[in-house]
Amino acid sequence: MSHPEKPHATNTMTAQGGNIELAGTVISDTASPTAAMSTRRLRSEDYNDYSSTEVTPDGSPEGLSSFSTPSSYQRFGETNGTTWLQTLIHVLKGNIGTGLLGLPLAVKHAGIVMGPISLLVIGIIAVHCMHILVKCAHHFCTRHQKPFVDYGDAVMYGLEASPIAWLRTHSIWGRYLIGFFLIVTQLGFCCVYFVFIADNLKQVISAANGTTSNCNANETVLMAPTMDSRLYILSLLPFMILLVFIQSLRVLSIFSMLANLAMFSSLIMIYQYIVRDIPDPSQLPLIARWKTYPLFFGTAIFAFEGIGVILPLENKMKKPHQFPIILYVGMIIVTILYLTLGTLGYIHFGANIRASITLNLPNCWLYQSVKLLYSIGIFFSYALQFYVPAEIIIPAAVAQVPERWALWTNLLLRTCLVCVTCLLAILIPRLDVVISLVGSVSSSALALIIPPLLEIATYYSEGIHPVTIAKDVLISFLGFVGFVVGTYESLWELIVPTTLSANATRASH
C-alpha cells in the first residue's frame, strides 16, 4: 500500500556497516546558538535520533504550500537540504568501511560460488529492510504529525500500534532496544578499528627493514620480531582517548573528510592490484564447509549494516521523494563493490587470504603506504563511530551530577568507554572473528530482524496481506538464525580456532 511522502527534518552523523557518516560536507554554516537552541528543542520534544548527531537549525516553513493536506507538517532545514548527488555520496560512504576489506575472507568461508550468491541475496534483503523502515517512518510521521521519526521512535510507535496489549503498554522499550543495539554496534565498530589499525601497523613495522620500492618483485620479506598485536592495541589507547575528547561536530567533520579521502585512495590502489594477473579460480572450492558459513554471514551483514544512515539522510534531502531511487542506485553500487572486491580478492590470494585484504598486499613502499593511509582513515573514523554511543550514554549520566563536575564526568565517561573498547579488542584480537561477532550480534538485529517485524506491527491493524506477513516472518527468522548460529560459531572460533582461519590471520599475530 502506498503512503504519503513526508517532509522531513534534521540530519546527521549516522551509524553504518563498519562506517559512520558525519555530514561533514553538509553541516550548516548557521550560528551555533541557533543550533544549540534547536538541539534543546528537539530533546525537549523527546524524539531524538540516536543514529543522528547533527541537528540543523530551524528553517522557515518553505515548501509547505506543496503539502496541502491536513496531515502536512513543517519540515526543518528545508533550505539547507542535500541534493540527490550529495545524498547518494553519503549513502555510499555510510555503507563502506572496514567490513569491505574483510569480504574476501568471508567469500572464502562460503565458497567461490556460494559466497557471491549469498552476498547478493543478503544485499537484496538488507535494501528491502531499509525500504521497510523508511515506509514505516513515513506512516508514523503522518499519523503523529511529527517532522521526523527516527529508528527508535518508529519501533516504539510500531509497538503502540500492535494488536498485543502487553506490547502496547511496554512500547517505550522499543526505543530502548534500538538504543541498546546502536550502542553495541558502534562500540563493536570501535573494537574492530583497534584491531584493524594494530594489525596493519604491526605488519608495516615488522617488514620495515625488508620493504623495497619494487612492487613487482616476487620475493618473500622476512618479518622482523616485533611486539605482540595486543601491545599495539594498548599503545593506541592514549591517542584514541585524546581523539574522543574532541566533541565539536565541525572539527569532527574535518576528520570525516580526511578519513574518506584516505580510504578512497587506498581502495583505488587495492583494486588496481587485485585485477592484475588474476589466477585460475577452478582450484578454489565452489562451496565451503557449512561450519564456516556463519562466519561469512556475520562479516557480510557487518558490511551491509547501513540501515542507521537511511532515515537521517532521507530526512535531510531537499526533495525526499527522490530518496527511494537514490537508495536503490546507491545500494546497487555498494553491492557491486562488495561482490567484486570480495570475489576478486579471494581469487587473487586464494587460500592465503587474511582477515583484511590490506594484510595481503606486497611489502613495498607503495602498498605499505596504502596500509598506513587506510589505518589513518580508520583512526579518524573512530571518533565518528564513538559519537553515537557517547551521545546516548553521557548526557544522561552528566545530568545526575552537579554542574561543576559535568565536564570532568563527561571526560571520565569518554575515557572509560574507550578503555572498554580497547579491553575488548585485546580480549578478541582476531580481526575476522570480531567483525563476524559484531555483525552477528547487533547488525543482524538492526538490519534484518527488527524491520520486518516493525512492518507487521505497523500495518496489522489496518490490514496487511498474508503473503507480506509470511515474507516478513521469513526474513526475521533467517536473521534470527544468523544471529544465533553466527554468534555461536564466532565465539567457538575464538575459543577453538580452526586451522582454516588460523592460517588466514597468522601473519598479523
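A: The model is a predicted one, and the part in question is helix α8, which covers residues 172–206 and contains N200. With a relative accessibility of 1%, N200 lies under the 20% limit and therefore counts as buried. Once neighbours within four places in sequence are set aside, the contacts of N200 are with T358, L359, K371 and S375. L177 is also found in helix α8, but its relative accessible area is 38%, and because this value falls between the 20% and 50% limits, L177 is classed as partly exposed. The C-alpha atom of L177 is 8.9 Å from that of V155, a residue 22 positions away along the chain.

The largest nonpolar core has 133 residues, and F194, Y382 and V418 are the ones that touch the most other members. These three are also linked through V418, which touches both F194 and Y382; the other residues that V418 touches, not counting those up to four places away in sequence, are L237, M240, I241, V244 and F386.

Taken as a whole, the chain has 18 helices and two strands, and 58% of its 509 residues count as buried.

Part of the surface is a nonpolar patch of about 590 Å², to which L474, F477, L478, F480, V481, V484 and V485 belong. V485 sits in helix α17, which runs over residues 466–495, and because its relative accessibility is 34%, V485 counts as partly exposed.

Most residues other than glycine have a negative phi. Q145, although not a glycine, has a positive phi of about 55°, and its place is in the loop between α5 (114–144) and α6 (151–160). D277, likewise not a glycine, has a positive phi of about 50° and is found in the loop between α10 (249–274) and α11 (293–304). As for accessibility, Q145 has a relative accessible area of 39% and is therefore partly exposed, whereas D277, at 74%, is over the 50% limit and so counts as exposed.

Confidence has to be read alongside this picture. The average pLDDT of the chain is 79, and 78% of the residues score at least 70. Among the elements of the chain, the highest mean pLDDT, 94, belongs to helix α4 (residues 103–110), and the lowest, 35, to helix α1 (residues 32–44). Over residues 1–78 the pLDDT stays under 50, and the model has 231 contacts beyond four places in sequence for that segment. Residues 499–509 also stay under 50, with 29 contacts beyond four places in sequence.

Key
Residues numbered from 1 in each chain as written. Predicted model: local features only at pLDDT ≥ 70, side-chain atom pairs only at ≥ 80, totals over all residues. Heavy atoms only, no water. pLDDT = per-residue confidence, 0-100. Helix = DSSP H or I, 4+ residues; strand = E, 2+ residues; numbered from the N terminus. Contact = heavy atoms within 4.5 Å. Buried < 20%, exposed > 50% of the residue type's maximum accessible area, 1.4 Å probe, protein only. Core = buried A, V, L, I, M, F, W, Y, C linked by side-chain atoms within 4.5 Å. Patch = residues over 30% accessible without salt bridge, like charges linked within 9 Å, V, L, I, M, F, W, Y side chains within 5 Å. Areas by Shrake-Rupley, 256 points an atom, 1.4 Å probe, with all protein chains shown as cover. Salt bridge = Lys/Arg side-chain N within 4 Å of Asp/Glu carboxyl O.
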